[in-house]
Amino acid sequence: MTAAVMTALAMQPAMAQGQEAQPEPADQSITLAPLVVEGSTENEGPLGPIIQEESSTATKTKTPIADTARSVAVETRQQMSDKGMMRLEDAFLYTAGMHGGSYGFDSRGNWSSVRGFQPSDYLDGLPFGNDGYYNDTLPEIEMLERVEVLKGPASSLYGASTVGGLVNAVSKRPEEDAFRRMTVEYGTFNRKQISLDATGKLDEGGKILGRIVGFLRDGETQVDYSNNDAEYIAPSVTFRPDANTDITILGRYQHSDFTPDTQFLSVYGTLLPAPAFANGTKVPTSLFVGEPGFDKIEATTYALTLDGSHDFNEVWSLNGTFRYSRSDGEYNQSWWGYANYPTRYDATGQIDRSFYMQRGETEMWLGDVNATADFNTGPVDHALLFGVNYSDITFDNDWGICNTGTPCFPAGGTIDPFNPVYTGAPAVTVIDFPSVNFKQTGIYVQDQATILERIVLSAGARWDKFEAADPYGGAGNEDSDISINASLLYRFDSGLRPYVSYAESFLQENYGTTATGSTFDPTRGEQYEIGLKYQPPGTASLFTVALFDITKSNILVQDPANPAFQIQEGEAKSHGIEFEAQTNLGEVYLEANYSFVQTQDESGRVFEVVPKHLASAWATWRPEGAWRGFKLGGGVRYVGPSYGFHYADPAFTVTQRLTVPSYTLGDAMIGYETPDWDLTLNIRNITDEKYVAGADSNAGYWGERRTVVLKLGYNF
């Protein structure tokens, strides 16, 4: 499929030239070629819309975000490009209520929190994710059209998912308008990348569309002895046999060869001064405590997605998405060991290390089919949704670990983190463990009723049956659950949209048994939200404020009657307020975000690595007239103080509260665009701030240092 798409797209100019060479019949009047006026509407950038106006993530139907009674945030392709985003995690840095990079710079995953809780990860409306095993590839910015965030519970449409909500990364798909761009880039830490994105019609009638997206990257990161290499190719074809049918096939091959960047450094040397023998200094952000040639996280993914829709008539339509994916991974890491707690240094300043090896496979069968009926009953317009969802996910992971001073590594292996001399890795024995399987079948229904074109009343429910088989953990669960959602929104002519909503979630994350041998129920979540949206008529601008209250229940806590066992009586809570603003003011795009979140875990403490205050702002200027083609952008990100809890004694009995200071980072963009060329320079963390992104009982985590990337794109 890849070769066919590339060939057809490359032939487009020749096809056009051939058509121009055809002679006009002598008796036919002359038709002037259409006049093409260069420029864009208020909300259009060179790569598409600047502000996303519709989203289906919250409702599974195309609904204006202004008319959705939930908090939905979207980073478009144009915004991601202007802000110089290089990883999916970067798309969370300018979103109210969302903290990206919670555990510092780490290529293993996209660490974030939404309203205090970790979100579920989705790709094109279906789950993806390493689930803690790190044997799958992660979505890359170059493969995405946009990133959508639904804040708060979403189980009534998506089934088992976290109370924090979900992140839905949307892949690039074939488009009717021709676009072909080759981009080369070079940046800090020897980042070198070349990418291709080409799309357009594959036939004269536009019934077949194609797209090919791919890139090659060779690079490093801020950590010594690191890799940041990747290759990706994704051919896709859309078939439109008639005006009512759309079928898209997306292929994906992705290979990544990274180095685990997080070193699980001691808080003494990151957040707190190192012990006296180090003169109270801090370890460098480039510190690598692993072994050169040993540490790696390498994964390969093959995936095929089928996405289709068909309108039967003015009332009924059918939509379906299916994906099969398989990934294989190798994960080796040596990290700072936990001997000599709490400082984790011995008397001479040496540190122990743990050597871990894993070999894993992940296989996913995923599908979601739904039917929509658009009809009215008197003054009420309905968008009635019926759907069924299925997933079958298997993780097969074999692993082993070896610690300094144990029989597998009896001598050597310690290093000085301020002057590391690497001693070689031990022979780690990888143990064959049984695979883990998760299955889920869900049936859902939802009705969005618009009354007198003013009141939007939405309600939905979903029933799920799920099975979790974990032979290694010695437990398996089979259960069913029902989750609901309900909301009410009022549409004023002025563009104001006040709303209230309620939503639930569930997730089976509790394994093992009680003292009586009973298995545990899933954790449950519920959210109450009240908000106000304002979209000035005739514009894409959107201003929102939302107040939320979230409770997560059924959390495991120690059984007071049987301390060796647990019971489900714990609750975690978060509540707060968010402000978001996006607007186009002539030549300038502006956005501003602020959130305050108050959290409390099942022990009565605030959540670790979750700041109360987050604020960000960004502006992009694309002038017209004599300065047309020039572009300039800049942003600032403020992350307030957060907290961690560290045991201050070797017996793990005395808890010390750690305060992670706030930090402020600046980003910038400058460039020049023509119809054929795009030269852009992006700088993130422009002042090269050295900061701790978070700390917990295990470690302190350095944040990302300054990155500079120069890109040259050519449209052909």
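In which sense, parallel or antiparallel, do strands E8 and E9 pair, and over how many bridges? In this predicted model, strand E8, which spans residues 120-123, and strand E9 are joined by two bridges in the antiparallel sense. Within this pairing, the residue opposite Tyr122 is Pro127 of E9.

Both strands belong to an open sheet of five strands, arranged in the order E5-E10-E11-E8-E9. The pairing across this sheet is mixed. In general, the strands of a sheet pair through backbone hydrogen bonds, in either a parallel or an antiparallel arrangement.

Further antiparallel pairing involves strands E25, E26 and E27. Strand E25 (residues 523-534) runs antiparallel to strand E26 (residues 542-558), and the two are connected by eleven bridges. Glu526 has Thr551 as its bridge partner in E26. Strand E26 also pairs with strand E27 (residues 566-585), again in the antiparallel sense, over 15 bridges. Here the bridge partner of Ile555 is Gly570 in E27.

The structure contains 37 aromatic pairs. One of these is formed by Trp627 and Phe630, whose rings are arranged edge-to-face, with 5.5 Å centre to centre and 70° between the planes. The two residues fall into separate accessibility classes: Trp627, with a relative accessible area of 53%, is exposed because its value is over 50%, whereas Phe630 is buried because its 18% is under 20%. An edge-to-face arrangement also describes the pair of Tyr647 and Phe652, for which the centres are 5.6 Å apart and the planes make an angle of 75°. Both members of this pair count as partly exposed, Tyr647 at 31% relative accessibility and Phe652 at 44%.

Ring pairs also build a cluster that links Tyr103, Trp111, Tyr134, Phe264, Tyr331, Trp335, Tyr356, Trp399, Phe433 and Tyr701.

The charged end of Arg77 is placed over the ring of Phe179, at 5.0 Å from the ring centre. Arg344 is located over the face of Tyr338, and the distance to the ring centre is 4.2 Å.

Conventions
Residues are numbered from 1 along each chain as its sequence is written. This is a predicted model: local features need pLDDT of at least 70, side-chain atom pairs count only at pLDDT 80 or more; totals for chains, interfaces and linings use all residues. Side-chain values use heavy atoms; hydrogens and water are left out. Two strands pair if DSSP finds at least two bridges between them. Helices (H or I, at least four residues) and strands (E, at least two) are DSSP runs, numbered from the N terminus. Rings of Phe, Tyr and Trp (its six-membered ring) pair if their centres lie within 6.5 Å; planes under 30 degrees apart count as stacked, over 60 as edge-to-face and the rest as tilted. Buried means under 20% relative accessible area, exposed over 50%, partly exposed in between (1.4 Å probe, protein chains only). A charge sits over a ring if NZ of Lys or CZ of Arg is within 6 Å of the ring centre and within 35 degrees of the ring normal.
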